[in-house]
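Subject: Structure handover

Hello,

Here is the structure I promised to pass on. Please open it first, then read the notes below it.

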Protein chains: 2
Amino acid sequence: MRKLVFFYCWLFAGVIPTTALQADEGMWLYNALPKEHLKKQHGFEVMDDWSEHLMLSSVRFNSGGSASFISSNGLVLTNHHVAAETLYKLSSADQNIAADGYLAKGFEQELKAPDLELNQLVSIEDVTERVNSAVNAKDAEEAGRQRQAEMAKIEAESTEKTGLRSDVVTLYGGGRYHLYRYKKYTDVRLVWAPEAKTAFFGGDADNFEYPRYCLDVTIFRVYEDGKPAKIEHFLEVNPDGAKDGELVFISGNPGRTQRILIADALEYQRDNRMPRVLNLLRRKEILMQQYGLGGAEQKRRAQDNLFGIQNSRKAYTGMLAGLQVPGYIPQKREAEKELQAAVGAKPWKTIRKVLQERIAMQRRSGSLRGSIYGIAEDLVLLVMEDEKPSEERLREFRDSNRQSLEQSLFSPAPLYGDLERVELADELARFAEIRGGNDELVLKALDGKGPRDRAAELISGTSMFDVEERKIVSKMSLADLKKSKDPLIQLALTLNAEYRELREASERMSEQERQAYAKIADAKFKTEGESVYPDATFTLRLAFGVVKGYAEDGDFIASNTTMGGAFDHEIAHDKKGDWVLPESWHDAKDSIASSTPFNFVCTADIIGGNSGSPVVDREGRLVGIIFDGNIQSLTADFYHSEKQGRATSVHIAAVLEALGTVYKASDLKSQIGK
Amino acid sequence: MRKLVFFYCWLFAGVIPTTALQADEGMWLYNALPKEHLKKQHGFEVMDDWSEHLMLSSVRFNSGGSASFISSNGLVLTNHHVAAETLYKLSSADQNIAADGYLAKGFEQELKAPDLELNQLVSIEDVTERVNSAVNAKDAEEAGRQRQAEMAKIEAESTEKTGLRSDVVTLYGGGRYHLYRYKKYTDVRLVWAPEAKTAFFGGDADNFEYPRYCLDVTIFRVYEDGKPAKIEHFLEVNPDGAKDGELVFISGNPGRTQRILIADALEYQRDNRMPRVLNLLRRKEILMQQYGLGGAEQKRRAQDNLFGIQNSRKAYTGMLAGLQVPGYIPQKREAEKELQAAVGAKPWKTIRKVLQERIAMQRRSGSLRGSIYGIAEDLVLLVMEDEKPSEERLREFRDSNRQSLEQSLFSPAPLYGDLERVELADELARFAEIRGGNDELVLKALDGKGPRDRAAELISGTSMFDVEERKIVSKMSLADLKKSKDPLIQLALTLNAEYRELREASERMSEQERQAYAKIADAKFKTEGESVYPDATFTLRLAFGVVKGYAEDGDFIASNTTMGGAFDHEIAHDKKGDWVLPESWHDAKDSIASSTPFNFVCTADIIGGNSGSPVVDREGRLVGIIFDGNIQSLTADFYHSEKQGRATSVHIAAVLEALGTVYKASDLKSQIGK
């Protein structure tokens, strides 16, 4: 589900608020936990030291995903698929760690990730008043600028004062602004990853299905000053895990939900945006498949991308299917009438107008996807933005973000010329399709050649594959940059004006939506009181639920599977395709305690970004790790569904059994929880 | 390339004329062969008995493809991929003929195809004057109706008089109307098919590439009165084949070209239609892949569909890439100026107006794809149309076509409920995406359920899987049909009005385009004289060219490969994926004469539909069989490219060598050419 987050971040702008509550719904803010609800519903009393310990034990993967500290010497537990991008970057044609796994025998064998940033949330501060008091303009665009500037100022002050990463997070669509301070870990090393065959057992076919049998876990270790970091808050382990019917908590970073969306916006999603996104995802899926047909090494290179795309495509298909059920949106529209009576029609009018504008802008584009073009584009923006004072720059180019930006921009992670060429050719073709073949900017971008020839020329001509060259470019003046002979830099310069115009328009529209939704959210606040949590913002939230099976097509599906069941599942699929367990499992088969719980489901409210979240019991002890949701949970973007929707976890007992019996990693196992 | 035809037929309406000539360009009418050009260019004199024999030896697969008679006892040689649909229909979970091949040992083992119709063209008659004299209306729509009615009348008279299938073919966009009479063969039996592993060696990755190593052939036999048909005109074989530099001829049925298209129409293709078609193809490709992940049997069921879709997707990608080269369309527009001066701007205006209308109609749809819905739709139309006199009916429901229609409608070929359900669910979702989720017809079609649930309900409720039930429905009165409890029949009735409205509009637009292009074609006639051939119409044409290699990326690619090269190619791809030769080849490896020519290329002008066409030498002897074109030939829809574009054939020597050495089919081999 990591890649859901990735696509979210990349495809959308703007963050939107939410409301409503039933049973185990909700992705709760750590500074506004539903204490009364938990007491009433589950007889559980939230103690402050309990929740603070859990917050401090939780870890965010900045690349999109969640995790937890599980030892005093810096071990971090996450999903294999959250780690996949890093595993891929650590792999080569000779050593395919992403596929074959890895086990470090001792600290010295732990492999440094080229560009990971892990965040530990250490404090939350409400800065709503300060942000609001800085905004006095009537004009939405100007108001947006004022707000952004004040947020940047708060962040810069906080970073200077505390040395911590400081992000002002917009909640409830602007109803609240909270300052999140994070301790950053940038020296992150791979300790153990199992084989992809067990982490993603059943492949794309089993993805978003249940029952499952996946060891979707990977362990990293954070370092400070070249030594394993000393961690005060880490999770203890309950090796028995959680039983059927037991209450569990999930502490992680859900990426994005859109539960506040009005009926018109849902219709826009259903009839316009989602079909477009799905077309794009299918296009990229086929592209990566075709590239992968070139040979085993091409297949390896395409795998990380392909997995993320397939995952998103399947998720979006489920989301769209949910919206296409005829009754749902009209019911939502009906429910809105009361709110509209309270707030007045204006926010609805604003949102509808913005949606129309979004539709009208669909045949414009000022950017191309793909790693190498992204680098050129970022460098061009960086040089241009650096000519302004920090607080006037585009958000990601401000001083407060410079370290994170440089870590990604100057990452030594390998890029593959042939893969980048294939992607760039497709992006140039897509650019021509979006804007039309006669468009002036398209003709400039193609420079008289077809997309394939032009991409070949750009890739062979650019020096942006070389990190040192990027560093040189990043320090250029704009005047010098304009004289650059690098064709990719020149292309990014050519598209820059359109990129900026579209980004400005998009940010302005998001601001208009934000203000409109804030009014709606405020009215919901008044109606529904304390039972309101904000839409997900890829910040730390607490969810809760009960370990519980469900009925489907007349069958009852039990809440947990077993390790022995994995072998049965393999046989049921003729040990073919993605249903082949790795050799290590076959070798250890007789030693594995076959009744060990493997995966389990619970009713908690999660979404993409929650991948890797620790699942803990009432005592705050680790009992599992989230890695997926079933198909019925894919409506989570718009509503929580408890009847059949389930969050899927790896059981902690399976992690321990596999480490001991399959991977003979007794030393690593002995560190966990201590 | 068969499936190209399939998609053409299904996605487009209307047929459009053409012109221009250089070197080995042209898909020539048998009654207007380029005799002078052939004499001048290649020193070849076309004798009437030579061309008549070739015409009568040529066979059309009505399902989309070409073939030839190769023995006096009814053997028909075509491509494995042209036969694939039939091989698929003859396969079951127990016997996968489509994958594993088949060899009949004696007549009694020859397997009857469930619904094949083969056509042998026996005469061509110019009926232009008669058609034109029947049209006197000024109004385009009325003129179209008059023309259609007269064409139907000519066909009916001819069928009655001769007992032959009679089609009036519109050529040069209405500049000429020719009556084509065909002898039909409907008892067609499978004699031999090799394994898919050799027929499609290299899979989707090698498709449209060269060099190639594919035994893409299958042999059927036509029967009459339950006995092998006696065939007067069949091809003799030249076992040595054609040498490098030799002139060869190709007699087959190119499906569709669009070389007459004006620049505006090409822009419409580039910026609008092709991106849409590609989105659809990618969608269906992913859908079939997902379905195929369900298991080995699902994979088998999806294979035929998947192959066709991938083939089309790759072809369209190449075609679009050709149009996206910035210089091509402006050059065409420039060249049109002279014509416009001669004809006046009116035809261009008409065409532009129709293109705008087509764009405006893109969010309408009155039909769903998929076999089972297609049957219900056809039955509803049949019952409605049968209430009118034959000549007033929609074309395919006239008496003259009844036998062909019934052969397809009442085919005992297996349909799979799970596959149809998956397809129908996707089609309902797509219907909602096209028309929007609030559309009244969408709401009626979904009947309150999501696409998946609704499709499940329709599939489990319909009796259209039963051929006898179809026959009963086909004989109903419209009044009784309307009372049918079959939910699929009811759905087709619900969509019928919209289907008809869109079809009528589409036929009216096609007629307007036809008339406009006819004027343009006429002017080109006058300018370019005899050097004009009409755009392809899936009717028999003669193409010619020279066996010749070509240069690519600085390398020279020789005109032919060898059977031994197939084993080298297998090793070069680690004997993995689609690069695994079948066991039969490995068993026979030491006996195969490794220098036997396997595949070869020539410069002739072909396109989808030509698959299976015989390639003959100056003496009219069989030297090969067309099965593909290289990527550079994919522009053929719009222009013939001789620099690198090549038609790809299986060499006849490889067919004979494989039959003898690999498949031990000496009896079958001995019948060929005799």
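Helices and strands here are DSSP runs, numbered from the N terminus; a helix has at least four residues and a strand at least two. Keep in mind that this is a predicted model.

Cis peptide bonds

Start with the loop between helix H9 (203-206) and strand E11 (218-224) of chain A, which holds A:Pro211. The peptide bond leading from A:Tyr210 to A:Pro211 is cis, and its omega is near 5 degrees. Chain B has a cis bond as well, from B:Tyr210 to B:Pro211, with omega near 5 degrees. B:Pro211 sits in the loop that runs between H9 and strand E11 (218-224) of chain B. Why point these out? Most peptide bonds are trans.

A positive phi

One backbone angle in chain B deserves a look. B:Phe538 is not a glycine, yet its phi is positive, near 55 degrees. You will find B:Phe538 in the loop between helix H21 (487-528) and E14 of chain B. For context, most residues other than glycine have a negative phi.

The sheet in chain A

Chain A has an open sheet of 8 strands. Their order is E1-E14-E13-E19-E20-E21-E18-E17, and the pairing is antiparallel. Strand E1 (28-29) and strand E17 (560-562) of chain A are at the edges. Each has a single partner strand, so one side of each has no neighbour in the sheet.

Look next at strand E18 (residues 597-602) and strand E21 (residues 647-651) of chain A. They run antiparallel and are joined by 4 bridges. Within E21(A), A:Ser649 is the residue opposite A:Phe600. Helix H24 (residues 652-662) of chain A lies across E18, E21 and strand E20 (622-629) of that chain. H24 of chain A runs at about 35 degrees to E21(A).

The sheet in chain B

Chain B also has an open sheet of 8 strands, in the order E1-E14-E13-E19-E20-E21-E18-E17, with antiparallel pairing. Its edge strands are E1 (28-29) and E17 (560-562) of chain B, and each pairs on one side only.

Strand E13 (residues 247-252) and strand E14 (residues 541-546) of chain B make an antiparallel pair over 6 bridges. There, B:Gly252 has B:Arg541 in E14(B) as its bridge partner. Helix H2 (residues 35-42) of chain B packs on the sheet and touches E13 and E14 of chain B. Its direction makes about 10 degrees with that of E14(B). Helix H22 (residues 563-572) of chain B also packs on the sheet, touching E17 and strand E18 (597-602) of chain B. The direction of H22 makes about 75 degrees with that of E17(B).

Where the chains meet

How many residues does the contact take from each chain? It takes 36 residues from chain B and 36 residues from chain A. The two chains bury about 3,100 Å² between them, with 53% of it on carbon and sulfur atoms. On the chain B side, B:Arg282, B:Ile286 and B:Gln324 lose the most area to chain A, together 18% of what that side buries.

Between the chains, 11 residue pairs are in polar contact. The count of salt bridges across the interface is 0.

Several helices of chain B give two or more residues to the side that touches chain A, including H11 (296-324), H16 (417-435) and H18 (451-461). H10(B) gives the largest share, 11 residues. By type, that side of chain B divides into 14 nonpolar, 9 polar and 13 charged residues.

Best wishes

Conventions
Residues numbered from 1 in each chain as written. Chains lettered and ligands numbered in written order. Predicted model: local features only at pLDDT ≥ 70, side-chain atom pairs only at ≥ 80, totals over all residues. Heavy atoms only, no water. Contact = heavy atoms within 4.5 Å. Buried area = accessible area lost by both parts, 1.4 Å probe. Salt bridge = Lys/Arg side-chain N within 4 Å of Asp/Glu carboxyl O. Polar contact = N/O pair within 3.5 Å; in protein donor to acceptor, adjacent residues only side chain to side chain. Nonpolar A, V, L, I, M, F, W, Y, C, P; charged D, E, K, R; others polar. Pairing = 2+ DSSP bridges. Axes fitted to C-alpha atoms, helices over the stretch in contact; angles between N-to-C directions.
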